[in-house]
Amino acid sequence: MDIIVALKQVPDVGAGIAINDEGTDLARDRLGFVTNPFDEWALEEALLLKDMTDGWVTVVSLDDPGIDHALYRALALGADHAVKLVGTGPAWIDSHRRAGIMASWIREQLYDLILSGVQAPDDLDGQLPALLAAGLGHPFASVVVAVEVTETGLIATQEFGGGRVGRIELALPAVLGIQGSLRDPRYVSDMRIRLASMGGGIEEVRSDGETGVPTAGSGLSVRRVFTPEASRRAVMLPASPHEAADAILGLLRERGLIA
Amino acid sequence: MNHDVLVLAEAAGDSFIDPTFELLGRARDLATAWGGRVLALVLGPSPDPSMLNADVVLTVSHPKLDAYTPEAHARAAQHVVAELDPKLVLLANTTEGMDLGAALSLWCQRPLVAYAVDVRAEDDAIVATSQLFGGRLLAEVALEGDRGICAVVGGSFPPARVPTRPPVVEVVAPPVSLDGVTTVPRGMPPGEDEDIDITKAPMLVAIGRGLKSQDNVAVAQALAEALGASLSGTSQVCDLGWLPRTRHVGKSGVKVRPRAYLSFGISGAPEHLEGIRESELIIACNTDEAAPIFDAAQYGTTADAIELLRALTSRVQQR
């Protein structure tokens, strides 16, 4: 099975939020970037399917900050080919434009399946997988937590609210938004990533010009971004497990939840 | 020009999901402001449509819509939205909402706002506030043009009142595009529907990835048994197979209202917090003092989760 995995870098807000001077976006020049965590699950699912079907995995991305490391890492993990679509202009690209640029490259490829993370922390104008599928005209599913290969296609398990799940069989090519995989994303050492980078191996493709596919934007204009007002904070109990346990039992007793 | 607000109703069993009623409530405010009607769209078999506080309930029936598939439901939704051209389409930011919102946006050439927690009318304009970065950032956005789609996070609006008069039900002929749908529903995974109902448990012990290893699930289970509580967890631990999916608490899992919710190794993503907000008492254990779970909890500790679980279990057992 030939699988394309769409990867994306997102601002790392783990250490704190920084907003630009205009108040309309994160201060992306002041933040580090990491691979969208859901894309890591998508890559893991792709590598599992590759093992199962003797397949081929291509990772593709736009020219996001820090993407070279992410692509080399994917190669070190077992991806067969890495493609970077360059010439896409500004650093931040909304999901609609991203899907349009990717779709115009994907259309020229041979593939059975496209995987991507079900969502990203900053996809204000919707999630990439369904946008890609709608643009390419393929069957699709979001929030996929398991994939089984069948004779004619694959069965995806979709998770819904209320603990409901459903299985659907999709004809190929199809697009799946991956929420989780049965295995944690695998680990690879820095040494192996360095080795992968020394081999080169990222194919750069200019995404403007020759394909000429119009890539309409999201049609959204951001007036301002802001951090939500801090809601009530918990009363902190001791950090010692034994003292915390005593305090918690006290709270449960007060409420008559334990004798 | 058409000023209607269309709510994509999402059926679950013999009713609709909570967000459907919440969207209808806000749809009424918006339709009043714009001078349009509230339309509810039900794709496939419909629970009792008289529950829906809408002016018109539109139904579409077709064998391909009998069970949910993204492909069939997206094509049917596109057909109705293109035909009726409502000013605004509201859908829940659920799995179905993610599937259909993006497809509608592209096929009907309308801007889409995801993760909305507020949608309002500013004269003729549609303005929304959205959650980004797991709720750590909010963005106020205006939709360009006079047509749009908003995917709204559950719990953002109070539910619509129960209708005093039944809505008009209109049957919409299914589009021929449904005949070309190739996706086939294959039912539920085996063994998923036989488990306890955690929404009925008075006390819940909940676990997240912070427990680090599946082997530690037994440590949490021991406390749950000692307390007479049920064990539940985040979407991630259910995805990893540490717990059955029926134990998933959160927006895409179940919402719980126990008398006490004891969480261990859960950081508190909005997905999860949405499912626990109505708990009477929340006590959270997480080593990261800045974890969002401490904004939802009344009491917290940064103790090591495993050590705390063991300390609690032995104390409860010794009572």
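This is a short tour of a predicted model, stop by stop, for use with the viewer open.

**Before you start**

Residues are numbered from 1 along each chain as its sequence is written, while chains are lettered from A and ligands numbered from 1 in the order in which they are written. Because the model is predicted, local features need pLDDT of at least 70 and side-chain atom pairs count only at pLDDT 80 or more, whereas totals for chains, interfaces and linings use all residues; side-chain values use heavy atoms, with hydrogens and water left out.

**Stop 1: chain A as a whole**

Select chain A. Its secondary structure comes to 6 helices and 13 strands. Both kinds of element are DSSP runs, numbered from the N terminus: helices are H or I with at least four residues, strands are E with at least two. Along the principal axes, the C-alpha atoms of chain A fill a box of roughly 70 × 50 × 40 Å.

How much of chain A is buried? Buried residues make up 55% of its 259 residues. Here buried means under 20% relative accessible area, exposed means over 50%, and partly exposed is in between (1.4 Å probe, protein chains only). Chain A exposes about 10700 Å², and carbon and sulfur atoms supply 51% of that area. Accessible areas come from the Shrake-Rupley method with a 1.4 Å probe; for residues, only the protein chains shown count as cover.

Now think about contacts, meaning heavy atoms within 4.5 Å. Take those in chain A between residues at least 6 apart in sequence: 70% join residues at least 24 apart.

**Stop 2**

Select residues 153–159 of chain A. This is strand β8(A).

Two strands pair if DSSP finds at least two bridges between them. Strands of a sheet pair through backbone hydrogen bonds, either parallel or antiparallel. β7(A) and β8(A) form a hairpin with 3 residues between them.

β8(A) and β9(A) pair in the antiparallel sense over 7 bridges. Look for I155(A), whose bridge partner in β9(A) is E169(A).

**Stop 3: one loop residue, one helix residue**

Select D64(A). It sits in the loop between β4 (56–62) and α2 (67–77) of chain A. Is D64(A) buried or exposed? D64(A) is buried, with a relative accessible area of 4%. Leaving aside residues up to four places away in sequence, D64(A) touches L7(A), K8(A), Q9(A) and R98(A).

For contrast, select M198(A), in helix α5 (residues 190–198) of chain A. M198(A) is exposed, with a relative accessible area of 64%.

**Stop 4: a hairpin in chain B**

Move to chain B and select residues 112–122, strand β7(B). It pairs with strand β8 (residues 125–132) of chain B in the antiparallel sense over 6 bridges. In β8(B), the bridge partner of A116(B) is S130(B). The hairpin has 2 residues between the strands, and D123(B) takes a positive phi near 50°.

β7(B) has another partner to show: strand β10 (residues 148–152) of chain B pairs with it in the parallel sense over 3 bridges. V113(B) stands opposite C150(B) in β10(B).

**Stop 5: a sheet with strands from both chains**

Show both chains. Which strands make up the open sheet of 6 strands? The order is β13(A)-β17(B)-β16(B)-β15(B)-β13(B)-β14(B), with parallel pairing. At the edges stand β13 (235–236) of chain A and β14 (230–233) of chain B; each has a single partner strand, so one side of each is left without a neighbour in the sheet.

Zoom in on β13(B), residues 203–207, and β15(B), residues 260–264. They pair in the parallel sense over 5 bridges. I207(B) stands opposite F264(B) in β15(B).

Helix α4 (residues 217–227) of chain B lies across β13, β14 and β15 of chain B, at about 175° to β13(B). Axes are lines fitted to C-alpha atoms, for helices over the stretch in contact; angles run from 0 to 180 degrees between N-to-C directions.

**Last stop: G233(B)**

Select G233(B), in strand β14 of chain B. G233(B) is buried, with a relative accessible area of 0%. Beyond residues up to four places away in sequence, G233(B) touches several residues, including I207(B), L243(B) and H272(B).
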